Amino acid sequence: MARWGPYFFSTRRRFREERLLSYIRREHRRGRHLMEILDDPYVTRCGSREFVWETLRDTQLITLLDKDVREAIQRESADASNQA
C-alpha cells in the first residue's frame, strides 16, 4: 500500500472540488455569468466537463449563487432608493 494511505486520491479530488467551487463563487460575485465562468481555462484545467458538472450538482453552490444574486438585487434597489 502507498505511504499516503487508501484515501489519498479521494482527498485530492475533494481539494480540487473545493478550489473549483471557490473560484466559481468568487467570479460570480464579481458579476460574471455562470456559463461564462464554466468556459474559463481555469475551470477546464480542473477536470473534464463531467467532473465540473458532477461537482456543481453535488454541492450547495447553486443555493449560494442564488443567495448572492438576491443580495446584489437588494443592494442595487437600496442604492437606487437612496439616490431618489
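I started with helix α5, where the buried residues are Leu 61, Leu 65 and Asp 68. Buried here means under 20% relative accessible area, with exposed over 50% and partly exposed in between (1.4 Å probe, protein chains only). A reminder on spacing: an α-helix has 3.6 residues a turn, so residues three or four places apart point the same way.

Before going on, I noted that this is a predicted model, where local features need pLDDT of at least 70, side-chain atom pairs count only at pLDDT 80 or more, and totals for chains, interfaces and linings use all residues. Residues are numbered from 1 along each chain as its sequence is written, and side-chain values use heavy atoms, leaving out hydrogens and water.

I then checked the whole protein chain, which has 5 helices and 0 strands (DSSP runs numbered from the N terminus: H or I of at least four residues for helices, E of at least two for strands). Of its 84 residues, 24% are buried.

Next I looked up Arg 32, which sits in the loop between α1 (8-29) and α2 (34-38). Why does Arg 32 count as buried? Because its relative accessibility is 19%.

What does the Arg 32 side chain hold on to? I found a polar contact with the side chain of Glu 36 at 3.2 Å, and another with that of Asp 40 at 2.6 Å. A polar contact is a pair of N or O atoms within 3.5 Å; within protein, one must be able to donate a hydrogen and the other to accept it, and residues adjacent in sequence count only if both atoms are side-chain atoms.
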